[in-house]
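Colleague: I would like to go through the calls made on this model and hear what each one rests on.

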Amino acid sequence: MQKMSSFRYVWAPPEPASVAVQGSDARLPVQRLFFVGRNYLAHAAEMGRPVDATRDRPFYFTKSHSALLDSGASVPYPRATSNYQHEMELVVVLGAGGADVPAQSAHELIHGYACGLDMTRRDLQLAARDQGKPWDTAKDCEHSAVVSAVLAMPGKVLERGRIELRVDGQTRQDSDLSNMIWGVRELIADLSRLYHLRQGDLLFTGTPEGVGAVRAGQRIDGSIEGVGSISLQLSEPSA
Ligand code: MN
């Protein structure tokens with residue numbers, strides 16, 4: 001355990017980043033937000049970047065704490081985009097850390113799961129991608145990492161379950177976790193080669209096909225079988 005700080009600060013430091021917990025009023029402190037780039041064949045194909053699972057490896061990007069948002073919120077349509085898109089994803093919540101974790105031990109790091117929305121300024125992402133530039137401004141914008149209340153399932157590896165998303169009641173994404181190219185074990189093992197994973201790290205495991213734009217005034221509802229549900233309301237852009 002890290003000792004409580006005895007520093008004085010120039011201004012009040014922010015509350016720790018956290019997410020809600022199912023069946024509890026205690027919040028779960030969050031460390032880092034990791035995202036898998038392409039983890040469903042049909043989504044990779046719709047983005048024009050098919051994955052060859054025999055040769056390709058997963059890749060990752062991150063978001064900062066300012067992106068984190070509880071399910072159920074209403075937020076303004078973001079600035080600097082005219083193509084804000086939904087990506088419905090399973091989020092793995094790590095309850096323990098580790099580096100170079102073998103896939104067969106990866107379950108030991110799992111605390112539980114949540115539903116996640118990896119909201120994306122797609123116009124900025126495609127422009128960056130096509131120019132070989134970083135994705136940060138496309139992906140890591142305010143309120144773009146929506147997370148539902150966490151369901152504790154220590155040590156449990158989710159391998160299947162329906163994952164779906166609706167916009168104003170109309171189905172946009174409808175798939176199954178079994179369609180993930182790299183499963184939860186493989187992702188934890190792979191990411192732990194790159195980072196020393198920590199308690200409170202969140203891993204968004206990628207989105208199935210059917211991503212698309214949302215407009216101000218629209219409501220997003222998503223669910224994952226056995227995990228929970230998530231929603232986001234987009235209001236008019238702020239002045
Ligand atoms: Mn995503």
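Modeller: Start with ring pairs: rings of Phe, Tyr and Trp (its six-membered ring) pair if their centres lie within 6.5 Å, and planes under 30 degrees apart count as stacked, over 60 as edge-to-face and the rest as tilted. Such pairs link F35, F59, F61, W135 and F204 into a cluster. This is a predicted model, in which local features need pLDDT of at least 70 and side-chain atom pairs pLDDT 80 or more, while totals for chains, interfaces and linings use all residues. Residues are numbered from 1 along each chain as its sequence is written, and side-chain values use heavy atoms, with hydrogens and water left out.

Colleague: Is F34 buried or exposed, and what is Y195 called?

Modeller: Buried means under 20% relative accessible area, exposed over 50%, partly exposed in between (1.4 Å probe, protein chains only). F34, at 1%, counts as buried, whereas Y195, at 34%, is partly exposed.

Colleague: Why is the pair of F35 and F204 called stacked?

Modeller: Their ring centres are 4.0 Å apart and their planes at 25 degrees, so the pair is stacked. F35 lies in strand β3 and F204 in strand β15, so they tie together parts 169 residues apart in sequence. Both F35 and F204 are buried.

Colleague: What lies over the face of F35?

Modeller: K63 does, at 4.9 Å from the ring centre. The criterion is NZ of Lys or CZ of Arg within 6 Å of the ring centre and within 35 degrees of the ring normal.

Colleague: Which residues are the protein donors of the manganese ion?

Modeller: Donors are N, O and S atoms within 2.8 Å of the metal (3.2 Å for Na, K and Ca); water is not among the atoms, so sites may look incomplete. E87 (OE), E89 (OE) and D118 (OD) lie 2.0 to 2.1 Å from the manganese ion. E87 is buried at 3% relative accessible area, and D118 is buried at 0%.

Note on methods: Helices (H or I, at least four residues) and strands (E, at least two) are DSSP runs, numbered from the N terminus.
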